[in-house]
Amino acid sequence: MASSAPPPKLYTDDVSLIVIILDTNPFFWGTLSNTTASNFSFSKFLNHMIPFVNSLLLLNQLNHVVLIAAGVTSCGYIYDSATAVASDGGQKVPAVCSEILSRLEEFVAKDQKLGNGDLRTVGGVMSSLFSGALSLALCYIQRVFRSGMQHPQPRILCLQGSPDGPEQYVAVMNAIFSAQRSMVPIDSCVVGMQHSAFLQQASYITGGVYLKPQQLDGLFEYFTAVFATDLQSRSFLQLPRPVGVDFRASCFCHKKTIDMGYVCSVCLSIFCKPHKKCSTCGSEISHSQTEQLDRKRKLSEV
């Protein structure tokens, strides 16, 4: 006799699990505070972000907030509201602020010690380990999925400022498709000087919201008006829509963003220049195929 399939998991309507990925790249924040007219520093950013975390906990006492820091060479958990409730029996605002600030200080110091080796530089600014932080967020959500039959509706909020790291393209896309399969929306808020192609694709593929605020001094208003609403209430709201999405990929050979490239017919690896052999799967590429691709590329350029 065949065993019956397990019943589907039940979602609560207005209870949310929000996993926030915070970009703590000191090189980016130092550059931003020196280039912007408002002198927007990391401490000012925390003055908007921490009250937003408190507002999420105040909207519903069953809301679950997790904060993950993404540094230059590492990433890690900073705050978990479920652990805080279990330890002190409540969520007092001063306690939340002090815990987040102390954990952030420890993480930044640890990440600085680990950053003495090779660092990723994009346009003069070092990129953050966004792929690792996104993987941690998805692992935490999967753990919540398997903890019981009923759980809050999960979503990920990425607060990124540093530029995308092209060498993380494969890992980021794998995480994005994993989030899509698990029906986990990825919201994105870019506080840097340029748009993020990674986050544009992440929000577009998973059905999240992508936003690049025009005025950083009003970040708290942007947070509460756009990202504080639960998934059920979003169907009744007119949320911001991105003007366009940058679907460009990064090549597997030089880890650079390209507009046109060569794709392996076996494993779909992308290269900026023709190769006799795929470095990913080892398949041999015939010269006739390469010559045809070169001709098509030259004709398209003409």
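Mentor: A salt bridge is a side-chain nitrogen of Lys or Arg within 4 Å of a carboxyl oxygen of Asp or Glu. The model discussed here is predicted, and a search of the whole structure finds three salt bridges.

Trainee: What makes Arg155, Asp187 and Arg234 a network of salt bridges?

Mentor: The side chains of Arg155 and Asp187 meet at 3.9 Å, N to O. The side chains of Asp187 and Arg234 meet at 2.5 Å, N to O. The cut-off is 4 Å, so each of these pairs counts as a salt bridge. Asp187 takes part in both pairs, and the three residues are therefore linked in a network.

Trainee: Are Arg155, Asp187 and Arg234 buried or exposed?

Mentor: Arg155 and Asp187 are both buried, and Arg234 is buried as well.

Trainee: Why is the contact between Glu99 and Arg103 called a salt bridge?

Mentor: Their side chains meet at 3.9 Å, N to O. The limit is 4 Å, so the pair qualifies. Both residues lie in helix α4 (residues 93-114), four residues apart, about one turn of the helix.

Trainee: Why are Glu99 and Arg103 called partly exposed?

Mentor: Buried requires under 20% relative accessible area and exposed requires over 50%. Glu99 has 22% and Arg103 has 37%. Both values fall between the cut-offs, so both residues count as partly exposed.

Trainee: Why is Ile258 called buried?

Mentor: The relative accessible area of Ile258 is 15%. This is under 20%, so Ile258 is classed as buried. Ile258 is placed in strand β10 (residues 257-258). Leaving aside neighbours within four places in sequence, Ile258 is in contact with Arg248, Ala249, Cys251, Ile270, Phe271 and Cys272. The C-alpha atoms of Ile258 and Arg248 are 6.4 Å apart, and the two residues are ten apart in sequence.

Trainee: Why is Met183 called exposed?

Mentor: Met183 has a relative accessible area of 63%.

Trainee: What describes the protein chain as a whole?

Mentor: The secondary structure comes to nine helices and twelve strands. Of the 302 residues, 46% count as buried. Among contacts with a separation of 6 or more, 66% are between residues 24 or more positions apart. The chain exposes about 16,200 Å², and carbon and sulfur atoms supply 55% of it.

Definitions and conventions
Residues numbered from 1 in each chain as written. Predicted model: local features only at pLDDT ≥ 70, side-chain atom pairs only at ≥ 80, totals over all residues. Heavy atoms only, no water. Helix = DSSP H or I, 4+ residues; strand = E, 2+ residues; numbered from the N terminus. Buried < 20%, exposed > 50% of the residue type's maximum accessible area, 1.4 Å probe, protein only. Contact = heavy atoms within 4.5 Å. Areas by Shrake-Rupley, 256 points an atom, 1.4 Å probe, with all protein chains shown as cover.
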